[in-house]
Amino acid sequence: MDTEPNAEQRARWNGPSGSAWSEYAEHFERGYADFDAAYLAAVGAGADDTVLDVGSGPGALALEIAATACRVVGVDVSVPLVELARRRARAAGRGDAEFVVADAQVDPLPEGPFDVVASHFGSMFFDDPVTAFSALFRVMRPEGRLVLLTWQGPERNPWQVEVLRALHPDREAPIPPTDGPSPFGLSDAVRVRDVLGTAGFVDVDLEDLRAPHWSGADPDDALRFVVTHHAAVLDGYDEATRARALDRLRGLFEAHDTPDGVLFDSATWLVRARRP
Ligand SMILES: C[S@@+](CC[C@H](N)C(=O)[O-])C[C@H]1O[C@@H](n2cnc3c(N)ncnc32)[C@H](O)[C@@H]1O
């Protein structure tokens with residue numbers, strides 16, 4: 001068994017999830033776009049601020065921050081997503097935004113000190129979150145700010161859970177855990193306070209944000225996206241099971257179809273904390 005820290009997430013983000021996010025970056029970004037204004041306001045990067053974006057992925061939010069900050073560095077464990085972020089930076093004329101391949105828990109981090117460490121859905125995947133946030137703490141200046149956007153729990157995010165249930169017609173859906181590396185890895189408010197407090201942060205605050213999650217322009221679009229993103233699950237089914245899963249998904253997306261696209265409820269935590 002591979003016991004390297006974050007081995008599974010590194011493989012995932014340099015494999016199937018890295019490919020899906022590269023191909024569908026704009027779809028993912030539109031999905032959660034209603035949270036972005038609150039996140040960017042909390043980051044509040046001014047002209048003198050240096051910002052480290054953790055798990056920067058395809059880089060859209062880092063590039064938004066780069067428009068107002070003095071220096072932005074994105075770190076991400078995914079080679080394809082860092083390459084995409086660099087291409088997007090050049091295309092946007094923001095070649096000064098830096099994107100570095102690094103595991104924020106394990107590898108040396110870019111040299112700080114940073115005024116703000118921010119992460120937009122990129123900080124929930126650590127095997128050992130205390131070690132990771134302690135490392136992030138060390139590259140911040142005293143009085144530096146930590147701003148995280150993370151998903152709340154499965155029960156408040158049917159956009160993900162109902163899709164997984166529809167996708168698994170014959171067994172219990174594998175809902176990602178709330179106490180390990182996963183999209184829900186920082187969904188438990190008690191765990192978030194515990195992890196950040198142990199890493200040295202103070203004034204930890206979690207703001208409850210709710211917004212519709214856009215899952216596609218229409219049911220066909222939503223289905224196409226899920227079929228790509230969960231190809232491995234569907235490819236493992238026999239023909240009849242695959243047809244049933246696709247029927248269930250179509251029915252789900254039709255039930256959530258609106259004039260503004262396929263919409264589900266979703267909930268995040270906007271987490272703020274401070275290095276004393
Ligand atoms: C859900 S995506 C979010 C990407 C981007 N921030 C966004 O919102 O569009 C999570 C990102 O975290 C990155 N990631 C996961 N584990 C990481 C780690 N240990 N160190 C750095 N990045 C990591 C993944 O490669 C992926 O790009």
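Before you click anything, one definition: a residue is called buried when its relative accessible area is under 20%, exposed when it is over 50%, and partly exposed in between. Also keep in mind that you're looking at a predicted model.

**Stop 1: Glu-4 and Arg-10.** Select these two and show their side chains: they meet in a salt bridge, at 3.8 Å from N to O. Glu-4 has a relative accessibility of 48%, so it counts as partly exposed. Arg-10 is partly exposed too, with a relative accessible area of 25%.

**Stop 2: Arg-141 and Asp-115.** Next, select this pair, whose side chains form a salt bridge at 2.5 Å, N to O. It ties together distant parts of the chain: Arg-141 sits in strand 5 (residues 140-151) and Asp-115 in strand 4 (residues 114-120), 26 residues apart. Arg-141, at 30% relative accessible area, is partly exposed.

**Stop 3: Arg-210 and Asp-208.** Move on to these two, and you'll find their side chains joined in a salt bridge at 2.7 Å, N to O. Color Asp-208 as partly exposed, because its relative accessible area is 39%.

**Last stop: the whole structure.**

Methods:
Residues numbered from 1 in each chain as written. Predicted model: local features only at pLDDT ≥ 70, side-chain atom pairs only at ≥ 80, totals over all residues. Heavy atoms only, no water. Salt bridge = Lys/Arg side-chain N within 4 Å of Asp/Glu carboxyl O. Buried < 20%, exposed > 50% of the residue type's maximum accessible area, 1.4 Å probe, protein only. Helix = DSSP H or I, 4+ residues; strand = E, 2+ residues; numbered from the N terminus.
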